[in-house]
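The following paragraphs lead through a protein model, from the surroundings of one side chain to the chain as a whole. Please keep the sequence and the coordinates in view while reading.

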Amino acid sequence: MGNLFTAPKAVKKRPVTKRLQNQQTGPNSSNRWARFRSSRKDKLDDALLQEQALAAAILFRQQQQQNGGVSLPFDKSASVRCPNSCSGSKNVGQIPRSSSSRARSLTDPLLQPHQLVNQDLKLDKLETNHFVLVHGGGFGAWCWYKTIALLEEGGFKATAVDLTGSGIHSFDTNSITSLSQYVKPLTDFLEKLSEGEKVILVGHDFGGACVSYAMELFPFKIAKAVFVAAAMLTNGQSTLNMFAQQAGSNDLMRPAQIFLYANGNDHPPTAIDLDKPLLRDLLFNQSPSKDVALASVSMRPIPFAPVLEKLSLSDMKYGSVRRFYVETLEDNAIPAVLQESMINSSPPEKVFHLKGADHSPFFSKPQALHKLLVEISKIPSP
């Protein structure tokens, strides 16, 4: 990071007259130079934001180790947000842009939150304006940093939780023996909500199974459940059962898995790690490179026991919560075919499609994902 803004090497100066002869003298030359400087400055601002997010993830990991395994309080995002003054930008109040070098598509425009939310939308008229974001296997609350920023800038409340042994939660992943233990930070949060308070649960990847588990326990505290490229299971089904449906259809998942045997090779695996060199192709094939770098230093193993556990879901509790599914069409981890199979097995109220999104749309399509979450929050009760 220290080399990002190093001074350029000294160069031999040319006579001023020769430089003036090579410059354009047309009426638009000054405008071109201004646009070049503005573009360069935007890129530096983007790079600074991403570098700070990466540094935050490393800092939290170091703090966790220095505290001797004591979990740090963490109620929102593990990313460092760049205040308006840090870049010297004149665009006060604007949100940072993604550092992706690819061209933006119409499905992921660069818009301000007030443009994504209808001007006449009154947040206090919604059933709830509080989103609770549940990460997927191996991820942590840190992965939602763009989504949190967009929601809060739009006036919503956003809470991202670290499940047991994930993110900066200090528990050893290999020691997790049940789904209830893994989901405990989420269920503890829901249990502490005040009477009558409701939230919108958003689950990604394995977080979908965690959301389903919470729906069965606290159906009256959940206004809506949103599954984003997530495991949306049926009664009696485990996440492993779901992934077994795609056996042979995904050439990336199998070689990427590294099984960990903390109890010895003669016992069942305790966790699953993912091969770092394969992360981009499997999870981030459409995501900015600096978000991939953030994930590569932040992801942790996935506990194996919760993946094996079959869910017990009832129509009276789980079935009473309104469900929505966001399908990611460029997903290599849970391919669109498998997502559609889950949708057909247990149809939600509505299905949304994110074109050009990989398995991590909070990185690859943050604006489009935000727009869908806001749209879902506005859907009135039938």
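Leu283 is in contact (heavy atoms within 4.5 Å) with Phe139, Leu274, Met299, Ala333, Asp358, His359 and Ser360, leaving aside its neighbours within four places in sequence. This is a predicted model, in which local features need pLDDT of at least 70 and side-chain atom pairs count only at pLDDT 80 or more, while totals for chains, interfaces and linings use all residues. Residues are numbered from 1 along each chain as its sequence is written, and side-chain values use heavy atoms, with hydrogens and water left out.

Buried here means under 20% relative accessible area, exposed over 50%, and partly exposed in between, with a 1.4 Å probe and protein chains only.

Rings of Phe, Tyr and Trp (its six-membered ring) pair if their centres lie within 6.5 Å; planes under 30 degrees apart count as stacked, over 60 as edge-to-face and the rest as tilted. The structure holds 11 such aromatic pairs. One of them, Phe131 with Phe156, is edge-to-face, at 5.6 Å centre to centre and 65 degrees between the planes. Because Phe131 lies in strand E1 (residues 130-134) and Phe156 in the loop between H5 and strand E2 (157-161), the pair ties together parts that are 25 residues apart in sequence. Both Phe131 and Phe156 are buried. The rings of Tyr182 and Phe206, by contrast, have centres 5.5 Å apart and planes at 15 degrees, so this pair is stacked. Tyr182 in helix H6 (residues 179-191) and Phe206 in the loop between strand E3 (199-205) and helix H7 (207-217) are 24 residues apart, and their pair links distant parts of the chain. Tyr182 is buried, with a relative accessible area of 1%, and Phe206 is buried at 4%. Phe139, Trp142, Trp144, Tyr145, Phe284, Phe362 and Phe363 form one aromatic cluster.

Tyr145 leads on to helix H5 (residues 145-153), where Tyr145, Lys146, Thr147, Ile148, Leu150 and Leu151 are buried. Just after H5, Gly155 takes a positive phi of about 95 degrees.

Among the strands, E5, E6 and E7 form an open sheet in the order E5-E6-E7, with antiparallel pairing; two strands pair if DSSP finds at least two bridges between them. Strands E5 (257-260) and E7 (302-303) stand at the edges, each with a single partner strand, so one side of each is left without a neighbour in the sheet. Strand E6 (residues 271-274) is joined to E7 by 2 bridges, and Ile272 stands opposite Ile302 in E7.

For the whole protein, there are 15 helices and 9 strands. Of its 382 residues, 47% count as buried. Among contacts between residues at least 6 apart in sequence, 75% join residues at least 24 apart.

Notes: Helices (H or I, at least four residues) and strands (E, at least two) are DSSP runs, numbered from the N terminus.
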